[in-house]
Amino acid sequence: MFISGSGRLLKNFIDNENSQSYQICLVGSDRNCLGLHHAMDAILPYVVSNNCQRLLDIASSNGADFVCLAGYLSLIEIPKKWENKITE
């Protein structure tokens, strides 16, 4: 999941993760933000970088099948390998 702010959507996903068919393998952010505290509290790996390609590479190396832009505020150029695998 990529976030940029308070992490309200991230928190909702964390709270419902066990009852759904997804697993959060990484939280990426383009800035230091309050939402990262939710990742820390849930003991989720997280990374901060203003380079979207770097975030996608790290997400891939952490086993991500797709990326949810949960309030992510930066524009991203979607690489071919991530087409149809990034959602809001």
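**Reading salt bridges, a sheet and a surface patch**

Me: With which residue does Arg 31 form a salt bridge, and how far apart are the closest N and O atoms?

Reply: Arg 31 forms its salt bridge with Asp 30, and the closest N and O atoms of the two are 2.9 Å apart. Please keep in mind throughout that this is a predicted model. The general idea is that a side-chain nitrogen of Lys or Arg has to lie within 4 Å of a carboxyl oxygen of Asp or Glu, so the pair of Arg 31 and Asp 30 at 2.9 Å qualifies.

Me: Is Asp 30 buried or exposed?

Reply: Buried means under 20% relative accessible area, and Asp 30 counts as buried because its relative accessibility is 9%.

Me: How many salt bridges does a search of the whole structure find?

Reply: The search finds 3 salt bridges. Besides the pair already discussed, Asp 15 and Lys 11 meet through their side chains at 2.8 Å, N to O. These two residues are 4 apart in helix 1, residues 8-16, so about one helical turn separates them. Asp 15 is partly exposed at 49% relative accessible area, and Lys 11 is likewise partly exposed, at 33%. Glu 83 forms a salt bridge with Lys 80, where the closest N and O atoms are 3.8 Å apart; that distance still lies within the 4 Å limit. Here Glu 83 is partly exposed at 40%, while Lys 80 counts as exposed at 67% relative accessibility.

Me: In what order do the strands of the open sheet run, and is the pairing parallel or antiparallel?

Reply: Strands of a sheet pair through backbone hydrogen bonds, and the pairing can be either parallel or antiparallel. In this model an open sheet of 3 strands has the order 1-2-3, and its pairing is parallel. Strand 1 (2-3) and strand 3 are the edge strands, each of them pairing on one side only. Strand 1 is joined to strand 2, residues 27-29, by 2 bridges, and Ile 3 stands opposite Ser 29 of strand 2.

Me: Which strands does helix 3 touch as it packs on the sheet?

Reply: Helix 3, residues 52-61, touches strand 1, strand 2 and strand 3, and its direction makes about 165° with that of strand 3.

Me: Which residues form the nonpolar patch on the surface?

Reply: Met 40, Tyr 46 and Val 48 form the nonpolar patch, and together they have about 240 Å² of accessible area. A residue needs over 30% relative accessible area to belong to a patch, and Val 48, which is partly exposed at 32%, therefore passes that cut-off.

Conventions:
Residues numbered from 1 in each chain as written. Predicted model: local features only at pLDDT ≥ 70, side-chain atom pairs only at ≥ 80, totals over all residues. Heavy atoms only, no water. Patch = residues over 30% accessible without salt bridge, like charges linked within 9 Å, V, L, I, M, F, W, Y side chains within 5 Å. Areas by Shrake-Rupley, 256 points an atom, 1.4 Å probe, with all protein chains shown as cover. Buried < 20%, exposed > 50% of the residue type's maximum accessible area, 1.4 Å probe, protein only. Pairing = 2+ DSSP bridges. Contact = heavy atoms within 4.5 Å. Axes fitted to C-alpha atoms, helices over the stretch in contact; angles between N-to-C directions.
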